[in-house]
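Subject: Structure for your files

Hello,

Here is the structure I said I would pass on. My notes follow below it.

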Amino acid sequence: MTLEPRLDLNEGRLRLAFGGGKFLAIDFINDRTRYHKPLRGKNELLARALGLHRKPALHIFDATFGLGEDAWTLARLGARVTACEREPLLYELAKNALEAARSHPGMAEVASRVDLRSGDSQEFLRRSQADDQPDCIFLDPMFPESTKTALPRGEMQLLRGWLGSRLKDGSLLESSDRSILDLALGIARERVAVKRPLKSPPLRGGFIHQYRGRTIRYDLYLPGSLESL
Ligand SMILES: C[S@@+](CC[C@H](N)C(=O)[O-])C[C@H]1O[C@@H](n2cnc3c(N)ncnc32)[C@H](O)[C@@H]1O
């Protein structure tokens, strides 16, 4: 079943209404489970995958913003994050949430480090200027429903049900993700990290390390590391 949500206003804040009383919201200020998890600083797996344990103030391009959990974590860890989201309704939701965070005294500093753009990351990367290339590029592709992994948490499940329903064939998604990865490797100054379910195949070979968590892992690629493949 295809789930097409609509934007809805709730107490002055946008949310996506899916029908049947199901809503998707982004709340960087109050959603403690998603956006205020205790961080393990330099030991945070995401920090290690992107090299923030060595240089906290890196410029990172998040090519797949989604609900912004990873982008927000990166900004909390000190990174400057430029991000793209290609789904217009999700972009509107995220923009509204970021604006609210920017005017909140406790969140403004972190929110000021996130620069969210609407549109396709591949186009954004192709237009990026040589003098503002990101140090690192982060990809979190939506993996096909058939993948044998633990079900994602509630809101991520809604997101996947909605956006995943447009993908008739998971392999199409995979091949377009591979082309973003190749493009990213030509643009990132230092590294590209791809988030994957722990047991899923890598988007492609040539990674130089895998940072493994309980349910997910990050595959690390370095610019130039695919040339010999
Ligand atoms: C798995 S979700 C990302 C979740 C995100 N890491 C988080 O923490 O919430 C993938 C998101 O990337 C977006 N996306 C996929 N390909 C994209 C592209 N080429 N450009 C911009 N956004 C893209 C999808 O619309 C979806 O919202």
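**Helix α3 and what follows**

Helices (H or I, at least four residues) and strands (E, at least two) are DSSP runs, numbered from the N terminus. This is a predicted model, in which local features need pLDDT of at least 70 and side-chain atom pairs count only at pLDDT 80 or more, while totals for chains, interfaces and linings use all residues. Residues are numbered from 1 along each chain as its sequence is written, and side-chain values use heavy atoms, with hydrogens and water left out.

Helix α3 itself is mostly covered, with seven of its eight residues buried. Buried means under 20% relative accessible area, exposed over 50%, and partly exposed in between (1.4 Å probe, protein chains only). The buried residues of α3 are Glu 69, Asp 70, Ala 71, Trp 72, Thr 73, Leu 74 and Ala 75.

**The ligand**

The ligand has 20 residues around it, of which Leu 67, Asp 70, Glu 85, Ser 121 and Asp 140 come nearest; a residue is near if one of its heavy atoms lies within 4 Å. By type, the shell divides into nine nonpolar, five polar and six charged residues. Here Ala, Val, Leu, Ile, Met, Phe, Trp, Tyr, Cys and Pro count as nonpolar, Asp, Glu, Lys and Arg as charged, and the others, Gly among them, as polar.

- A polar backbone atom of Leu 67 is 2.9 Å from an oxygen atom of the ligand.
- An N or O atom in the side chain of Asp 120 is 3.4 Å from a nitrogen atom of the ligand.
- A nitrogen atom of the ligand lies 2.9 Å from a backbone N or O atom of Ser 121.

The protein buries 96% of the 600 Å² that the ligand exposes when taken alone (Shrake-Rupley method, 1.4 Å probe; for residues, only the protein chains shown count as cover). Two or more residues of the shell come from each of α3 (69–76), β5 (80–85) and α7 (154–164).

**Fold and cores**

The protein has eight helices and 10 strands. Of its 229 residues, 49% count as buried.

A nonpolar core is a set of buried Ala, Val, Leu, Ile, Met, Phe, Trp, Tyr and Cys residues joined through side-chain atoms within 4.5 Å. The largest has 48 residues, and Phe 28, Ile 60, Trp 72 and Leu 90 have the most contacts inside it. Helix α4 (residues 88–102) gives the largest share of this core, eight residues. Apart from it lies another core of 19 residues, including Cys 84, Phe 124, Leu 139 and Val 194.

Not counting residues up to four places away in sequence, Phe 28 touches, among others, Tyr 35, Phe 65, Leu 67 and Trp 72, where contact means heavy atoms within 4.5 Å.

**Two single residues**

Asp 27 lies in the loop between β3 (22–24) and α1 (32–35). The side chain of Asp 27 reaches the backbone nitrogen of Ile 29 at 3.0 Å.

Ile 216, in strand β10 (residues 216–221), is partly exposed, with a relative accessible area of 24%. The C-alpha atoms of Ile 216 and Lys 195, 21 residues apart in sequence, are 6.9 Å apart.

Regards

Key:
Polar contact = N/O pair within 3.5 Å; in protein donor to acceptor, adjacent residues only side chain to side chain.
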